[in-house]
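Reader: Could you take me through this model, beginning with its overall make-up?
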Amino acid sequence: MLAILMMLFTNPISASEHAFSGGIGSYYGDLGIAYTYSPILAVGFQAGVGTSGLSLGARWQPEWFSGGYAQAGLSRIGGAGYHPNMVVGGKWSLGYQSDWFMEANGGVAVSLGGQWWPIWDVGVGWGF
């Protein structure tokens with residue numbers, strides 16, 4: 001596994017995909033917008049800002065995963081502050097050969113004190 005990761009980062013296959021989306025959930029700052037950037041194939045980053053704060057996550061979205069992804073990051077969880085979390089989700093095209101998409105995910109956030117919270121997101125966006 002480490003060899004595969006090293007190969008990707010030393011000889012990356014350029015993907016350079018960008019997307020803006022709006023939605024509701026922890027990676028949208030409760031109600032807000034997000035920007036996703038994929039500099040190399042299957043790896044990306046998502047940053048969001050909304051009514052209750054900011055979020056940042058690293059995304060693994062391999063092509064063979066059929067539109068699914070796993071994301072780990074840091075986001076604000078209601079009134080409990082910022083906590084690390086992990087989500088899995090899916091991304092679906094909104095029409096044949098369309099740049100518009102819908103995505104949804106769900107997962108869990110944890111605190112160092114042992115508390116945990118279920119988290120989720122739903123959004124609609126445009127990729128370019």
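Reader: Which residue stands opposite Gly-90 in strand 7?
Author: Ala-104 stands opposite Gly-90. Before going further: this is a predicted model, in which local features need pLDDT of at least 70 and side-chain atom pairs count only at pLDDT 80 or more, while totals for chains, interfaces and linings use all residues. Residues are numbered from 1 along each chain as its sequence is written, and side-chain values use heavy atoms, with hydrogens and water left out.

Reader: How many bridges join strand 6 to strand 7?
Author: Nine bridges join them, and the two strands run antiparallel. Strands are DSSP runs of E with at least two residues, helices are runs of H or I with at least four, and both are numbered from the N terminus. Two strands pair if DSSP finds at least two bridges between them.

Reader: What about the turn there?
Author: The hairpin of strand 6 and strand 7 has six residues between the strands, and Gly-95 takes a positive phi near 125 degrees.

Reader: Stepping back, which elements does the chain contain?
Author: The chain has one helix and eight strands. Their order from the N terminus is α-β-β-β-β-β-β-β-β.

Reader: How much of the chain counts as buried?
Author: Of its 128 residues, 38% count as buried, that is, under 20% relative accessible area, with exposed meaning over 50% and partly exposed in between (1.4 Å probe, protein chains only).

Reader: New topic: which residues make the nonpolar surface patch?
Author: The patch covers about 1,200 Å², and its residues include Phe-20, Trp-92, Trp-100, Val-122 and Phe-128. Patch residues have over 30% relative accessible area and no salt bridge; like charges are joined within 9 Å, and nonpolar side chains (Val, Leu, Ile, Met, Phe, Trp, Tyr) within 5 Å. A salt bridge is a side-chain nitrogen of Lys or Arg within 4 Å of a carboxyl oxygen of Asp or Glu. Areas come from the Shrake-Rupley method with a 1.4 Å probe; for residues, only the protein chains shown count as cover.

Reader: Which strand gives the most to it?
Author: Strand 8 does, with four residues. Strand 1, strand 7 and strand 8 each supply at least two.

Reader: Why does Val-122 count as partly exposed?
Author: Val-122, which lies in strand 8, counts as partly exposed because its relative accessibility is 34%.
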